[in-house]
Number of protein chains: 4
Amino acid sequence: MVVVVNPDVSEEKIKYLINWLDEKGLDVRVFHGNKQCVLGLIGDMGKIDIDMLRSLDIVESVAEMEESFKASNRRLHPEDTVIDIHDGKAMIGGSYFALIAGPCSVESEEQIISIAKQVKAAGATFLRGGAFKPRSSPYDFQGLGESGLDLLRKARTMTGLPIVTELMDIRSLELFEDIDVIQVGARNTQNYDLLKELGQVKNTVLLKRGLAGTIRELLMSADYIMKNGNENVILCERGIRTYESDYARNTLDLSAVPILKRLTHLPVVVDPSHATGRVDLVPSMALAAAAAGADGIMIEVHNDPPKALCDGAQSLTPEEFAHTAQKIFKIREALA
Amino acid sequence: MVVVVNPDVSEEKIKYLINWLDEKGLDVRVFHGNKQCVLGLIGDMGKIDIDMLRSLDIVESVAEMEESFKASNRRLHPEDTVIDIHDGKAMIGGSYFALIAGPCSVESEEQIISIAKQVKAAGATFLRGGAFKPRSSPYDFQGLGESGLDLLRKARTMTGLPIVTELMDIRSLELFEDIDVIQVGARNTQNYDLLKELGQVKNTVLLKRGLAGTIRELLMSADYIMKNGNENVILCERGIRTYESDYARNTLDLSAVPILKRLTHLPVVVDPSHATGRVDLVPSMALAAAAAGADGIMIEVHNDPPKALCDGAQSLTPEEFAHTAQKIFKIREALA
Amino acid sequence: MVVVVNPDVSEEKIKYLINWLDEKGLDVRVFHGNKQCVLGLIGDMGKIDIDMLRSLDIVESVAEMEESFKASNRRLHPEDTVIDIHDGKAMIGGSYFALIAGPCSVESEEQIISIAKQVKAAGATFLRGGAFKPRSSPYDFQGLGESGLDLLRKARTMTGLPIVTELMDIRSLELFEDIDVIQVGARNTQNYDLLKELGQVKNTVLLKRGLAGTIRELLMSADYIMKNGNENVILCERGIRTYESDYARNTLDLSAVPILKRLTHLPVVVDPSHATGRVDLVPSMALAAAAAGADGIMIEVHNDPPKALCDGAQSLTPEEFAHTAQKIFKIREALA
Amino acid sequence: MVVVVNPDVSEEKIKYLINWLDEKGLDVRVFHGNKQCVLGLIGDMGKIDIDMLRSLDIVESVAEMEESFKASNRRLHPEDTVIDIHDGKAMIGGSYFALIAGPCSVESEEQIISIAKQVKAAGATFLRGGAFKPRSSPYDFQGLGESGLDLLRKARTMTGLPIVTELMDIRSLELFEDIDVIQVGARNTQNYDLLKELGQVKNTVLLKRGLAGTIRELLMSADYIMKNGNENVILCERGIRTYESDYARNTLDLSAVPILKRLTHLPVVVDPSHATGRVDLVPSMALAAAAAGADGIMIEVHNDPPKALCDGAQSLTPEEFAHTAQKIFKIREALA
């Protein structure tokens, strides 16, 4: 780490700072510029509070020489992580691409099984569906809960597709024991106690980027899980909050895909449905995600008549999904 | 609610939509413009998914005629909420102003008691201090935990100041039974299961705005608590994430103060310390918050020597705090 | 346009508002909800100041029923605009795809001609290069100016590639008479006097989205040009300013491509070089742009040795560009 | 400047980079950490393109040791700049506070003179009013133009108040010769050719922060003016574009006031009217700006009946302005 000291700071104050860093067990090397002084720090940076250091009046800036995330850092683990669900039932990472599809919410047995069969036929390798739903309003439908999980299990039995579903409350964790992939939603990306707990289970975790989360925060949150023992983490870009919200719910940040692929060995998937919130944008953003190098794409598919009528919502119909899936596969072939 | 239908949509599709809304139990009134059609909806909007409606292809836009938050809505509760901690030990809301001060983290008995005495002498009416700390890195200090709560209790006994401290894990809730004000941090503003649980306790809750949370989301989160029975909620503006982060950690959104005062009856406090992350900005932003009409201000105060030396971090020294408190009181007098 | 009136507004005030709108020549239709009143306005909305209307205390919200942009609006002009540069020398829009390449700045005759030949060989259909450079610091290199334009003309003569270059100062317009495509940079997107002037020339204009410009503002700026008579406008997505800037300069907003394709008939190009500011992100973002349906892609290509050494900056080497161009063409074939 | 080199970069590449920096005339000092290498650069940083350097693959990060702005930098000019309009007619900066008031647009002689008299009586020290209006839509009213300037001159003659009005088109500059303060609007903050031209006139310039401009960019734009010879520059915070726009047009960034006061010697004013776009937020934000230490506040005041009726728009009535001005003066006294 490099600390740039403000100009005009007295020698005495600089010495005091060096002593303080020294007492923390860091090796401090001093470099004098023409007007300013720079300190190079070597050792375990975990011993100091970098934010505190940065905010000191005598400090102009702090440049970290190593990324603060570790378990997820590609430098320490250059090979791509490949996650294998139940002995090859489905894989993701490295050369394995995952197409994850299903409804926003599980509504009924008929609904989830029908969609599961259709998305499988179209090439999906995972079934997604929400049983516990995070809703910004307490007055809105909160999901079927435990019985929704049972319906997902039935759909898995019928189709063989591994299931992806969201865990909201740390106290429900035991209900998820046989869930293939536990999703952590954008509002829980920094729910650290939940992440620590997920570090101690065997399920794969699909970790969504926060509503306005940085890439670094996403990797730090992955580290919360991995540091506690669970290395099966999939990262998910799902749109970020920006000033532009007139025509799409969030701004899909596709540059996060190549950035994450460089910084980490973990698989990266993209969720164009939640990012855009509009069905007419989902197909083109799914294709763009494939072209950008995503390891997987997660798409909402629905068969509800009023939505179908209106060509609507953020969910594609099964037919539209099949059409989009074909194009995704063509792009992957073209770039292979 | 008003639904503006896209131009060029067939009559048949519009009828289908009207029928669907009708079946949901809403009273639908149709208004034909020269090119477009507008639907006025009357009834319980909780029955339909507004996001879904908005994302339909045939819908151009949806204007909600009533705010979606209810329990916290000033229209339904015009009088200011005044929260009374332990029979007048401290009050906030209406004409009662709260000055909340203390260290970021509780570190030792000596530290917390010393600071508590000093901030009380300077006019603080609440003591804050973190026992459980949300840290973006799993490799950083996570707080003293349960023993930190004990130290806060000791400081309360010594000074009589009610205490404010953060709850992170829903499973620790019973440890907080006698904590005067439970803080919900910015990363948990939309941790709905935690909020629901806090709706069933008697503690006052200080709810921080999310890292990039909207004002509406903050009020909806307050509703999650209030709907479950706990009406003692304080809202806290603590800076929002914007593109400008070179000179301050976040952008303090002071316009949120008059906006919230208009929309809700709940007390509104401002935290300039976390918003700016820089001690040199805290005093002027605290004064601005007072001038903007905040019901309270929460300021970090520390007595750690290296920080004191460096005039640094986001914490004021007790002397700086006393100086700022004097000016806050002068502004409140000037505007009385 | 629909105006939702606040609840609890007196009948008298509503009448006053209706009279005022009526006097402006609008046809006002009143719709009474259970608690609120809604006004439907028909007529020329240009006669009233919508922002003013929206900010009135008695108005809750204003929903515009028609998009405020007109000349660029696809509803009024459903067919794709195809722009033909010098009788088919190069075309863009509809089924014509443009690959625009060249250095950030024109530096020397040797440089620009060498790059022009190489990018042409790799499939580029336009040559770009900056002669007048907008630099945030007045102490930085400001471009070669007029002699830079001459070097571009030479490169055009040598290769036949039409040229794209930026105009900054309205007073230099006459120097650009024979420039095929005049670029308006992100800092000038709302320089309305410049836009009006460009509405009176015959050059094609490539209009970049503002640094933090909305999609609607981009279309309104296009209207400033088109309303004054010049319909040859190309829109360019070049990244938007967001809170995430650790790993890329801006956030490339690829969802703007399908959104713009739906809203307007004008061609849409993407500039991944300026959006990301990092060469390692340019190829994947160029491919994603192609998959998202862009009508053109603009890529910086450089042959400067220090940059080449360091595989660096936001510019690809000619070899890297050729490689990326091949993949772009493959994606377009796969999706054809 | 400090350049942190990526780990695992070959010695050969580092040498090549050092040579290249050396050839640019910089003094390069090398510092080897345990895994990475850091270069300290001394000399004229204007010789290299920092963005280019930052984007090199072998560079991890670049920490600038000195701020890139110079003429406006307080380090190089520690005393507050005090601007004196016409021999003490009005002053701003240091201990002089400016209250700038007037209508958004000049509409008629009666209007502007009536408002000018009223705001002067309430304590305003400058009259503002727009003659040339930047409108995002080409279909909206664009201002009275030259005749508007004449009306402002009449109001100045009648009241003695110096006038502040916006210049949009560089070609109109000669019309502004006797205008006391030329305003550069948010859309022109980075119109560099306009700024250069303003560096060569004698008028004071009020430079607004860009719509989503950074603090550093604002100071660099001030440098564009000052470097060309005009040191009478006033900076203006006017709200920034963020994701939160439901209840206010922009987010007023009041922390920019103390930040700017530390970074620069130039006077800093705040415009709460444009920042919020809502009259009900203007008074509290004006008071907050005063408490935050602004050198001046600019407020829109209007006497148009429909607006007055509706208590509306972003403009206060003259009575409301007088009331707010009283409170501003009280806050300044309280903090004196």
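This briefing covers how chain C and chain D are related and how they meet. The model is predicted: local features need pLDDT of at least 70, side-chain atom pairs count only at pLDDT 80 or more, and totals for chains, interfaces and linings use all residues. Residues are numbered from 1 along each chain as its sequence is written, chains are lettered from A in the order in which they are written, and side-chain values use heavy atoms, without hydrogens and water.

**Symmetry**
- Chain C is superposed on chain D by a rotation of 180° with 0.0 Å of shift along the axis, at RMSD 0.0 Å (least squares on C-alpha atoms of residues with pLDDT of at least 70 in both).
- The two copies are thus related as by a two-fold rotation axis.
- C:A212 is the residue of chain C that comes closest to this axis, its C-alpha lying at 2.9 Å.

**Extent of the interface**
- Chain C gives 55 residues to the contact and chain D gives 56, where contact means heavy atoms within 4.5 Å.
- Because 100% of the interface residues of chain C are also interface residues in chain D, the copies meet through the same surface.
- About 5100 Å² is buried between the chains, 54% of it from carbon and sulfur atoms (accessible area, 1.4 Å probe, lost on being put together and summed over both parts).

- Four salt bridges are counted between chain C and chain D (side-chain nitrogen of Lys or Arg within 4 Å of a carboxyl oxygen of Asp or Glu).
- C:E217 and D:R241 form a salt bridge through their side chains, at 2.4 Å from N to O.

Note on methods: Buried area is the accessible area (1.4 Å probe) that two parts lose on being put together, summed over both.
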